[in-house]
Amino acid sequence: MILKSKAYLYLTEFFAGMSVMAVELGASRLLAPYFSSSQIVWTIIIGTIMIAMALGNIYGGRTADKNPNPDKLYGRMIIAAIWIAAIPVVGKYVILGISALLIFSVSSHFLVIAAFAACMVIFVFPLFLLGTVTPSLVKYTVDSLDDNGKTVGMLNASNTIGSIIGTFVPTFITIPAVGTSVTFLIFSGILLLLALVYFFSAKKKPKKAFIGILLFILCCLFGASNRFAFWEQELTYEGESIYNYLQVKEDDENVILSTNVLFGVQSILKKDNGLTGMYYDYAMAAPLMAGVTEKEQSDILILGMGTGTFATQCSRYFDRVRLDGVEIDEKITGLARQHFELPENIPVTTYDGRAYLNAVDKTYDVILVDAFQDITIPFQMSSAEFFTLVKKHLNKDGVMVVNLNMRGTEEGSINQYLSDTISSVFEQVYTIDVPGCTNRILYAFGPTDALSVFHSGIAKIKDDALHTLMGTIAQNIQRYDAGNIAAKNNTANDIHDNDKTDNNRATTIMTDDKAPVELLGMKVIDELIQDEVRYYRDIYEREGIKGLHP
């Protein structure tokens, strides 16, 4: 019998540990398109898996003492394998179903509750079963008390080594190469194969094994090419990278990149080469504030290049600009060249934005910080230390422009924290809300007369649509004073008023040591969700589920 060789037991422990980590990483990719990939979601995933493993350890130890039959263990592995294989087939429906149920009953912390509920339903049971592996194998491998320490140590080492490999293989090999769905199927197949080898070597052919093979084949047929946005019928591209779920959608007027299944536009190309109607247009005020119309050449850096919407617009509307882009996701850059007409002469460095600033000495006239994606706000790019680094890379009359993609003016909002933090670094900070969306654009610069330069630059714009928009910005831009929840009512015409007031409120400055961006972002997400569903919730409360049926 194969279990007479301890090598097979160590192999079982090795692949069980590998599969647990692979499922954990797969869970993050399954949830990210719906709930983001923030630290909050990772905390939920890790916590849920630890709960499942702990319960599995307890149950596995008790059952091993009562009935030390390896058939039971490898039978549980077949069930776990099939459950994991079914995740690509039904997982997204479970997530959407849970979200639909909770969205009408949960008024706060929706993201946390929905993600936790989805994790509990999808991942707890198979990982609970895998949690029974270690205590069961200890029962089978320990022959005497003389070497039990060595044996248990070897089992734990096998599990740990498997977990290490199971961490790297999905992230760097399987998910980028074949996607999340196939990754689940690969590791499910490994578990199933381990169990089948045991049963067939023992000359046992239980119905469970044959049913497991059949169900696994069905999951492969229906789950291998499964799509996250299954309701979208004509996507130009849908895939995954190391960092993101990626979706390109095209119609007669636009090409759009989204990194979230349910909401959000990360980049856009207008086929008529006009303005986008989005925050990119408002960010174009920054080059004018930096005197792009007056200089022989202006240097612009974009941290969070995306598919190059801002870069393309700057090169289209402004003469004599030199653009550098930084984008951490190389696959997005590839999509930019292929689908979004990003010119080859605009260089894009595949790097983290802050790490890039630490690595170069070049200074710029404009630096756009566009690295905040829904709730996923990199804490290292939201601190006073980061914005100080940005300022060091600006020329004396340079301007930093930031896309604050989650609008909020109430006390304790993410925008208050970010704006206060930026105000602690830059002498002048101005903001404007972008109509029709949640974006707010922030402009920051030193003790220069940037707004006078902005006004004079507007007069030199030849494009009528851009000229009109810049005039609107000039009339509505507001000075932000740290210590004041919202921008002060003085407008851009009050450019000589540099006084700061605290209005009896302490500023909220984020640092590398303390930047609670996930909790702050979650608060805004809750508010956005409640605003979106309020109409449908009212119908549901008045008419019940029938009222929601079209």
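**Close-up views of a predicted model**

**View 1. A parallel strand pair in the predicted model.** Ser298 has Val321 as its bridge partner in S6. Strands S5 and S6 (residues 321–326) run parallel and share 6 bridges. Both belong to an open sheet of 8 strands with mixed pairing. The strand order is S7-S6-S5-S8-S9-S11-S10-S12. Strand S7 (348–349) and strand S12 (478–479) form the edges, and each pairs on one side only. Helix H11 (residues 309–317) lies across S5, S6 and S8. The angle between helix H11 and S6 is about 175 degrees.

**View 2. The salt bridge of Lys295 and Asp365.** The two side chains meet at 2.6 Å, N to O. Lys295 sits in the loop between helix H10 (285–289) and strand S5 (298–303), while Asp365 is part of strand S8 (residues 364–369), so the pair ties together parts that are 70 residues apart in sequence. Are these two residues buried or exposed? Lys295 has 18% relative accessibility and therefore counts as buried. Asp365 is also buried, at 5%.

**View 3. The salt bridge of Asp299 and Lys362.** Here the N to O distance is 3.9 Å. Asp299 lies in strand S5 and Lys362 in the loop between helix H13 (353–359) and S8, so this contact ties together parts that are 63 residues apart in sequence. Asp299 is buried, with 10% relative accessibility. Lys362 is partly exposed, with a relative accessible area of 29%. Which residues join this pair in a network of salt bridges? Arg322 and Asp324 are linked with Asp299 and Lys362.

**View 4. The salt bridge of Asp433 and Arg440.** Their side chains meet at 2.6 Å, N to O. Asp433 counts as partly exposed because its relative accessibility is 31%. Arg440 counts as buried, with a value of 8%. Side chains of opposite charge can pair when their charged atoms come close. The structure holds 14 salt bridges.

**View 5. Thr183 and its contacts.** Thr183 lies in helix H7 (residues 180–201). Its relative accessible area is 3%, so Thr183 counts as buried. Which residues does Thr183 touch, leaving aside those up to four places away in sequence? They are Pro170, Thr174, Ile175 and Val178.

**View 6. A nonpolar surface patch that includes Ile173.** The patch covers about 830 Å². Ile161, Ile164, Ile165, Phe168, Phe172 and Ile173 contribute to this patch, together with Ile242, Tyr243 and Ile328. Ile173 is located in helix H6 (residues 148–178). Its relative accessibility is 49%, so Ile173 counts as partly exposed.

**View 7. The chain as a setting for the close-ups.** The chain has 550 residues, and 54% of them count as buried. It has 18 helices and 12 strands. Its accessible surface comes to about 24,000 Å². Carbon and sulfur atoms account for 58% of that surface. Among contacts between residues at least 6 apart in sequence, 70% join residues at least 24 apart.

How values were computed:
Residues are numbered from 1 along each chain as its sequence is written. This is a predicted model: local features need pLDDT of at least 70, side-chain atom pairs count only at pLDDT 80 or more; totals for chains, interfaces and linings use all residues. Side-chain values use heavy atoms; hydrogens and water are left out. Patches are made of residues with over 30% relative accessible area and no salt bridge: like charges are joined within 9 Å, nonpolar side chains (Val, Leu, Ile, Met, Phe, Trp, Tyr) within 5 Å. Accessible areas come from the Shrake-Rupley method with a 1.4 Å probe; for residues, only the protein chains shown count as cover. A salt bridge is a side-chain nitrogen of Lys or Arg within 4 Å of a carboxyl oxygen of Asp or Glu. Helices (H or I, at least four residues) and strands (E, at least two) are DSSP runs, numbered from the N terminus. Buried means under 20% relative accessible area, exposed over 50%, partly exposed in between (1.4 Å probe, protein chains only). Contact means heavy atoms within 4.5 Å. Two strands pair if DSSP finds at least two bridges between them. Axes are lines fitted to C-alpha atoms, for helices over the stretch in contact, and angles run from 0 to 180 degrees between N-to-C directions.
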